[in-house]
2 protein chains.
Amino acid sequence: MVHTPDSSGSAASPSLPVLDIAVLGAGTVGSQVIRLLGEQAGDLAARSGARLSIGAVLVRDPSAPRAADIDPSALTTDAATAIDGRDLVVELIGGIEPARTYVLRALRAGASVITGNKALLAAHGPELYAAAAESGADLYYEAAVAGAVPVVYGLRESLAGDRITRVLGIVNGTTNFILDAMATSGASYGDALADAQARGFAEADPSADVDGLDAAAKCAILASLAFHTRVGMDDVAVEGIAGVTAEDVAEAAFFRRVIKLLAIAERRTDESGHEGVAVRVHPALVPLDHPLASVSGAFNAIVVEGEAAGRLMFYGQGAGGAPTASAVLSDLVAAASHRVHGGHAPRESVYAHLPILDPGSTRTRYQLRLRVNDRLGVLSEVSSIFARHGVSIQSVHQRDGQAPGEAVIVIATHEAREADLRAVAAALAHSPAVRRVASTLRMEGD
Amino acid sequence: MVHTPDSSGSAASPSLPVLDIAVLGAGTVGSQVIRLLGEQAGDLAARSGARLSIGAVLVRDPSAPRAADIDPSALTTDAATAIDGRDLVVELIGGIEPARTYVLRALRAGASVITGNKALLAAHGPELYAAAAESGADLYYEAAVAGAVPVVYGLRESLAGDRITRVLGIVNGTTNFILDAMATSGASYGDALADAQARGFAEADPSADVDGLDAAAKCAILASLAFHTRVGMDDVAVEGIAGVTAEDVAEAAFFRRVIKLLAIAERRTDESGHEGVAVRVHPALVPLDHPLASVSGAFNAIVVEGEAAGRLMFYGQGAGGAPTASAVLSDLVAAASHRVHGGHAPRESVYAHLPILDPGSTRTRYQLRLRVNDRLGVLSEVSSIFARHGVSIQSVHQRDGQAPGEAVIVIATHEAREADLRAVAAALAHSPAVRRVASTLRMEGD
């Protein structure tokens, strides 16, 4: 698969082999990948040991206007023409089909594949890995999780000598931008979302982001890597940010916390002594002195906790054409270097086969904000509900409410089983002392 | 060099080859490496494709008390016995000699070497790389720069597809601990240092840390990796933290900044149009909203700025037995995997050969604190000195001084040439209007 230079070979590196690349999709990321392959050709050749040449660019509409650095003769609408016979295939189409068919076609033909497709990996990772292993090709996907942030690399290689206990991350820039705007300006969720849409940080249909589905796909990939266990999208317990109110955000600031949408993957032992993996995505209250609290705007950051390494954090731009293209190029250099020098990317290493734990068995902390009747004994009634469910209270803050005869009680619990915390919230909602459970937020990162 | 299992081979993985490891030095890090190799043997075998077996541990005093997981029969005081015939050699002795001789002996015999020795790499990196390339062995050194933080990996591999413009890091935990203690408690430098020594965060002779030499060695390694150019310790312009006063720290807080000892490596074009590399280590004022500002205690963090990736940050524990051992083990897994599956670590890729720029040509900002005579016209006299040297003032803050007839002026400049900023400070010291230039600190990260 390694060709010697053809007559158009670069004069600067006549002795380097040439690798033939197909780029599937020439959108925001694809066009940046093509630009950088041209601009940094010399550096990339020095690092990979090969000249990287774009043989085909698969597009839907070949007559659409393109940047000048895209060679029109490389454009094709035919997948077979684009894929067959290439050394390296970069998949940037997104979605499940036809991306899955194309990636499998490339891998089965022995081409190494670099993809930024989180949905495809979360849904069909094992099938893709098997195809790569069978033909001896590489499968790389740094760009699928957090844009430029090299967390896939970190988990697959840098932490290969450690035992990871927990991954905790901000992996969706759209929701982080919205929550950040709410915290900075006091805006409502709806106004902050509209602003994010106006500025291009949120899609017209924002549901994949704000409902937490994008974060859940990334969480599944991170958990699979961290715990050497197959974790799919369906294993992730997901809550989005649409229920977060301006009042929640203000209340968080009062308690020196900030609300972040977190993707959390943990290795834990449940109450019956079984070790397993718990994966969840939800908004949470993070203390201001936690390294994730200061991750603002569209940035991503992932904290990885290892038994030996302690707490590591990887931080950077989680989206955007050039940052995501940077991740694609680092994978391209690695895959190209393997073609030239031997070796291969880490194979999917699913050897732990840990069970996925029931989300109800997760241990976390809740902060509950209650509107109660301002009368004698109400705190005693409320706190007895916690005690009845075995949930220990860590702090209580009571103040006058806005409505007549109403008080507001904010209660933070100690760590308890998620199922017990939910039962407390349900019992409070039915208590005659409580007018309304105004908010229930988990507390993470203490 | 890959052996088949001997009769004592693990029953759990009878088909895996065995790799024979020598650990040179059984101190804080070495003993953790040995512990983890035992405790995580199964995981490490699954990830590397080999059973990792410790054949020799080189020590000075074989009769010293050891942890139970060190096999006494592996102990030796003879370097040849320890090194010769091994597949992988882990060097954790530190210092230049005899570490250099041992590492060269191992590499020339074809063993792959994992080292945590920053001084050796900063001084003799090219010689070691050449020896590794000649015999086809790997040379890995993640543990040499920032403990568990995978920044060497990040620069060598994750950012291999990008063009790095700047590396900015907190790479010395001792000085960060001292500066952090000064900021938190208002302590003097001397008291904070004594406290750090009492708690084991600073050596009895703290000069390598507080004078910035440890950070300079790491800065040289980071710059070499980032810019594909040979950068040695002597190329780094170094200032330590001994001159930082409690007043400086308080003043920084007033301006919503914090003082950090930074290692900075930049690719720049100087005034005569030459592209080159500038490397320096010095205390600097960092804005509170910069990601490095919240890196506290003995943690390390390195910001890497790439043209495509934008700003990335790597954060974690920069020292300590277990965190540093985690970095050593990740290198061990990579080197072991190459022995089994082929491939090799990235060779030193010095192809850019950029010149090292004169430190005086560096562009930065200064904050100067002046004690002046509180009389008419003094601000005009002071500001004319800046104008005369072509340095533009960004902000001025004046207040009453503590001594009678004295005022304090704090001036922040716009970006200017280091040489011009130094000339301003010298001229101010000789101005009749100025009683004393109380402090000169650079401002970074804006």
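Strands, like helices, are DSSP runs numbered from the N terminus, with at least two residues (E) for a strand and at least four (H or I) for a helix. Two strands are said to pair if DSSP finds at least two bridges between them. One bridge can be pointed out by residue: A:Val57 has A:Leu75 in E3(A) as its partner.

Before I go on, please note that this is a predicted model, in which local features need pLDDT of at least 70 and side-chain atom pairs count only at pLDDT 80 or more, while totals for chains, interfaces and linings use all residues. Residues are numbered from 1 along each chain as its sequence is written, chains are lettered from A and ligands numbered from 1 in the order in which they are written, and side-chain values use heavy atoms, with hydrogens and water left out.

I turn now to the relation between the chains.

The contact, meaning heavy atoms within 4.5 Å, takes 43 residues from chain A and 43 residues from chain B. The copies meet through the same surface, because 100% of the interface residues of chain A are also interface residues in chain B. About 3,600 Å² is buried between the chains, and carbon and sulfur atoms give 54% of that area. Buried area here is the accessible area (1.4 Å probe) that two parts lose on being put together, summed over both.

Which elements of chain A give two or more residues to the side that touches chain B? They are helix H2 (41–48), helix H7 (151–158), strand E12 (310–317) and helix H13 (321–341). E12(A) gives the most, with eight residues. E12(A) also pairs with strand E12 (residues 310–317) of chain B, in the antiparallel sense and over three bridges. There, A:Phe314 stands opposite B:Phe314.

How many salt bridges are counted between chain A and chain B? The count is zero, where a salt bridge is a side-chain nitrogen of Lys or Arg within 4 Å of a carboxyl oxygen of Asp or Glu. Over all chains, the structure holds 66 salt bridges. One of them joins the side chains of A:Glu307 and A:Arg163, at 3.1 Å from N to O. A:Glu307 lies in the loop between strand E11 (299–306) and E12, and A:Arg163 in the loop between H7 and strand E7 (164–170), so the pair ties together parts of chain A that are 144 residues apart in sequence.

Finally, I note two points of backbone geometry. The peptide bond from A:Glu97 to A:Pro98 is cis, with omega near 5°, and A:Pro98 is found in the loop between strand E4 (88–91) and helix H4 (99–108) of chain A. A:His228, a residue other than glycine, has a positive phi, near 55°.
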